[in-house]
Amino acid sequence: MPKLATLRHSILCCFHKCGTFDHLKQTTSILITSGLAHHTFFLSDILRSATKDLGYTLLLFDRLATPYIFLWNTIIRGFSASSQPQMVLVAYSRLRNHGVIPDRHTFPLLLKAFSKLRNENPFQFYAHIVKFGLDFDAFVQNSLVSAFAHCGYVDCSRRLFIETAKKDVVSWTALINGCLRNGRAVEALECFVEMRSSGVEVDEVTIVSVLCAAAMLRDVWFGRWVHGFYVESGRVIWDVYVGSALVDMYSKCGYCDDAVKVFNEMPTRNLVSWGALIAGYVQCNRYKEALKVFQEMIIEGIEPNQSTVTSALTASAQLGSLDQGRWLHEYVDRSKLGLNSKLGTSLVDMYSKCGCVDEALLVFEKLPAKDVYPWTAMINGLAMRGDALSSLNLFSQMIRSRVQPNGVTFLGVLSACAHGGLVDEGLELFRLMIFDYRLEPNVDHYGCMVDLLGRAGRLEEAIKFIESMPMEPTPGVWGALFSGCMIHKAFELGEHIGNHLIKLQPHHSGRYILLANLYSRCQKWEAAANVRRLMKGKGVDKSPGCSWIEVNGVIHEFIAFDKSHTESINVYMMLESVSAQLKLATYALDSNLLTFTIDGG
């Protein structure tokens, strides 16, 4: 017996050290030849790991004389947690074919996979649950509530919840999570309030869900109340998940400094908490800080996942930090993270915004699978470069690939048409969007169309387009028409729009500058001076210009008339030197360059 125990221990150690699937097969062969293959203890470990290969797993099962329900549950658990959750359906089908009766553990394991599955119907298993008399089991009922909600059947989930005899914290949290998953954050908070009223004790999992709901609604005051009443008071344990949820909530509500404070006070941190802070900085448009925290995370020895790298790439794209973006791309390749849709899209977007559209195309072409997001990013990248024809050709290729475009995709191709002067193509695409793809245009789509017609000089059509809008035109839409007036010297119409923009946004400095520029262009100097006096009289200050440049991987930020940068003296000396050389070369300034410039949007 001692020798047998030692053998079992050695085999078990060998089994746990399996690094590849081939190692697992070798260990299984040892178990078979040593006569231990039918031992439940060993079999459960083998089957749990073997779910990476459906054929091999089922082959092992077919060789068993009596596959007990415990072993079936083991294989279902393995598939449910694997990258092939749909295989639980095959496993359950085989279970029934073997005549095995499922128990109270089978269905919760089976239903857990529905959180990862799409377009699956949990009703088929509900019938079996009733058939085997498990519909009143609390464990099974909670799993059903969660599964129905995950699949979009929130009302059915709620009815099941109402019929539940014992409504504990698990069932309440399952319902709250179901509402959240379906974008019904208000209902999630209503459930939480009802849960508190019923006297059910709240736990950490519930608090994480409630904080997610507050984040979705941008309700920082409710989030602060949860933070103070439950976390600070010690009513729930401040673990890494609660801390990460707080960081996420404050960030999405725009309170990034509060998020940083929570992060710094967290007793323990993991990849999720670091990722939440980085994503929070990106959410609050604080891109330099996002990259700084990412670098600190690397120094701490935390290996980023696809989601964290995606956030860092977004920050790099917004800063135009090509060196940082390339380093992140190399990290993805070096660490073999793999390119999913979000990460691939972020790489395409980063290279496009940094002006490296050819590199973006290389990444795009290497993506193993392309859904609408990388297609849209690449179409927008080509549009940004001004390559309207390539953008439209890629859109046509996308349609031929049977990928359904979304509203952002059409925004990209319409923008390409506007910058390429392709009016007829733009009008046809707008019609295609509404009537063929049944997508409702938003104000940005209408703004693109006004820009398209305005750039082409078809100002009357642009005005009619604005009048036909089902929503109130935004200042951005009027700004697009104003730009068209400036291009085609329609100063009278431009003056009317400029005054209208000032009425819409009386504290926006850019609106005054636009009108002053127009008066300067048509040499109405007194009118231009009046606009600037009006601007000064209302106490409206022009926002200082801001730019940044990346040198040797370091991002330098410059603000107009600010001399706080360490190289500020050298920068101004160089500027004075350039100005002096221009004067010596008798450089004649175009009077148009003396006017302020600002984006019409």
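User: Which residues of helix H24 are buried?

Analyst: In this predicted model, the buried residues of H24 are Ala388, Ser391, Leu392, Leu394, Phe395 and Met398.

User: How do you know that the buried residues of H24 line one face of the helix?

Analyst: Viewed along the axis of H24, the buried residues fall within an arc of 160°, so they line one face. They pack against helices H22 (357-366), H23 (372-384), H25 (407-420) and H26 (423-436). On the other side of H24, Leu389, Asn393 and Arg400 are exposed.

User: What is the reach of H24, and what reach is expected?

Analyst: Helix H24 covers residues 388-400, 13 residues in all, and reaches 19 Å from its first C-alpha to its last. At 1.5 Å a residue, 18 Å is expected, and the reach is close to that. Just after H24, arginine 402 takes a positive phi of about 65°.

User: Why is serine 316 called buried?

Analyst: The term applies under 20% relative accessible area. Serine 316 has a relative accessible area of 0%, and therefore counts as buried. Serine 316 is placed in helix H19 (residues 306-319). Leaving aside neighbours within four places in sequence, its contacts include Leu291, Leu328, Met350 and Cys354.

User: How many aromatic pairs does a search of the whole structure find?

Analyst: The search finds 18 aromatic pairs. One of them joins phenylalanine 294 and tryptophan 327, with ring centres 6.5 Å apart.

User: Why is the pair of phenylalanine 294 and tryptophan 327 called edge-to-face?

Analyst: Planes over 60 degrees apart count as edge-to-face. The planes of these two rings stand at 80°, so the pair is edge-to-face. Phenylalanine 294 lies in helix H18 (residues 287-299) and tryptophan 327 in helix H20 (residues 322-334), so the pair ties together parts 33 residues apart in sequence.

User: Are phenylalanine 294 and tryptophan 327 buried or exposed, or in between?

Analyst: Buried means under 20% relative accessible area, and exposed over 50%. Phenylalanine 294, at 0%, is therefore buried. Tryptophan 327, at 33%, therefore counts as partly exposed.

User: What makes lysine 370 a charge over the ring of phenylalanine 364?

Analyst: The distance cut-off is within 6 Å of the ring centre, and the charge must also be within 35 degrees of the ring normal. Lysine 370 lies over the face of phenylalanine 364, at 5.1 Å from the ring centre. Lysine 167 likewise lies over the face of phenylalanine 161, at 5.7 Å from the ring centre.

Methods. Residues are numbered from 1 along each chain as its sequence is written. This is a predicted model: local features need pLDDT of at least 70, side-chain atom pairs count only at pLDDT 80 or more; totals for chains, interfaces and linings use all residues. Side-chain values use heavy atoms; hydrogens and water are left out. Helices (H or I, at least four residues) and strands (E, at least two) are DSSP runs, numbered from the N terminus. Buried means under 20% relative accessible area, exposed over 50%, partly exposed in between (1.4 Å probe, protein chains only). Contact means heavy atoms within 4.5 Å. The expected span of a helix is 1.5 Å times one less than its number of residues. The arc is that of the directions from the helix axis to the C-beta atoms. Rings of Phe, Tyr and Trp (its six-membered ring) pair if their centres lie within 6.5 Å; planes under 30 degrees apart count as stacked, over 60 as edge-to-face and the rest as tilted.
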